[in-house]
Amino acid sequence: MRILLIEDEKDLSSIIKQGLEEEGYIVDVANDGEEGQYMAENYPANVIILDIMLPIVDGLTLLSNIRKKGISTPVILLTARDAVLDKIKGLDTGADDYLTKPFVFGELLARVRTLIRRQSAVKESIVRIADLEINTSTHEVMRGGIHIPLSAREYALLEYLAYHKDNVVSRTDIVEHIYKEDTDMDSNIVDVYINYLRNKIDKDHKEKLIHTVRGAGYMLRTKEV
Ligand code: CA
């Protein structure tokens, strides 16, 4: 999943970026409102974390601008402790949630996960496909009750497939949401990681859950395509 972080305080933004990356998210950072608006309009993101006090274009103006352009990406506003009016204005302008600075990082993570779930068909923190269980809070993956250790990249790919279970996801979708900007779109990186996942998730099981949809992409589901 891809997150756009618009925050001008460099120390804070690098802490948030690092924490999110450790959770397997791809994070794009903008340091002012103008750059943030450009990125929000031109790069796909699953969630935008938006500071209100920003240079050039402030967060609420940015939010209003992107909503007017029909961009519906969920937005979490970062507000100052005493800025009650900002929160009200923010929600009225189209923010989905807000967090008051200073906040505990775990709370930001929980809110990000909630907004990602809200966009998907998955409404619970544990996604189940046959005997496969993916805990999106702890990143624990089990098949048939047995824990499956995955790398951060493998987990990110599996989670993306899980949030779109029973739907085909294309290689382009995967590259855009799971890999960094400089990933070569023509590379076979997605196929390589799908193979890693198959070895860990499907190899020892009769029922295969990761399916290749010829010419379209991949799908996580119980029945054969
Ligand atoms: Ca700020």
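This is a predicted model: local features need pLDDT of at least 70, side-chain atom pairs count only at pLDDT 80 or more; totals for chains, interfaces and linings use all residues.
Started at the domain boundary: I counted zero salt bridges between domain 1 and domain 2.

Across the interface of domain 1 and domain 2 I get two residue pairs in polar contact, both at pLDDT 80 or more. Which elements give two or more residues to the side of domain 1 that touches domain 2? I find strand 2 (26–30) and helix 5 (105–119). Helix 5 gives the most, with three residues. Sorted by class, I have four nonpolar, two polar and six charged residues on that side of domain 1. So much for who sits there; the salt-bridge count between domain 1 and domain 2 is still zero.

Next, the bounds and the sizes. I have domain 1 down as 2–119 and domain 2 as 126–220. Their C-alpha centres lie 27 Å apart. I looked up the contacts: twelve residues of domain 1 are in contact with 13 residues of domain 2. The two domains bury about 1,200 Å² between them, and 45% of that is on carbon and sulfur atoms. Which three residues supply more than any others of the area that domain 1 buries against domain 2? I wrote down Arg2, Ile26 and Arg113, which supply 41% of it.

Then the calcium ion. I find it coordinated by Asp8 (OD), Asp51 (OD) and Met53 (O), at 2.1 to 2.3 Å. In sequence I jotted the donor spacing as D-x42-D-x1-M. Where do Asp8 and Met53 sit? I placed Asp8 in the loop between strand 1 (2–6) and helix 1 (10–22), and Met53 in the loop between strand 3 (47–51) and helix 3 (59–68), so the pair ties together parts that are 45 residues apart in sequence.

While in the loop between strand 3 and helix 3, I stopped at Ile56, which has its place there. Phi of Ile56 is near 70°, a positive value in a residue other than glycine.

My count comes to 14. I picked out Glu7 with Lys101, where the closest N and O atoms are 3.0 Å apart.

Last entry: the backbone at Lys101. Is the peptide bond from Lys101 to Pro102 cis or trans? I noted cis, with omega near -5°.

Key:
Residues are numbered from 1 along each chain as its sequence is written. Side-chain values use heavy atoms; hydrogens and water are left out. Domain bounds come from an automatic or database domain assignment. Contact means heavy atoms within 4.5 Å. Buried area is the accessible area (1.4 Å probe) that two parts lose on being put together, summed over both. A salt bridge is a side-chain nitrogen of Lys or Arg within 4 Å of a carboxyl oxygen of Asp or Glu. A polar contact is a pair of N or O atoms within 3.5 Å; within protein, one must be able to donate a hydrogen and the other to accept it, and residues adjacent in sequence count only if both atoms are side-chain atoms. Helices (H or I, at least four residues) and strands (E, at least two) are DSSP runs, numbered from the N terminus. Ala, Val, Leu, Ile, Met, Phe, Trp, Tyr, Cys and Pro count as nonpolar, Asp, Glu, Lys and Arg as charged, and the others, Gly among them, as polar. Donors are N, O and S atoms within 2.8 Å of the metal (3.2 Å for Na, K and Ca); water is not among the atoms, so sites may look incomplete.
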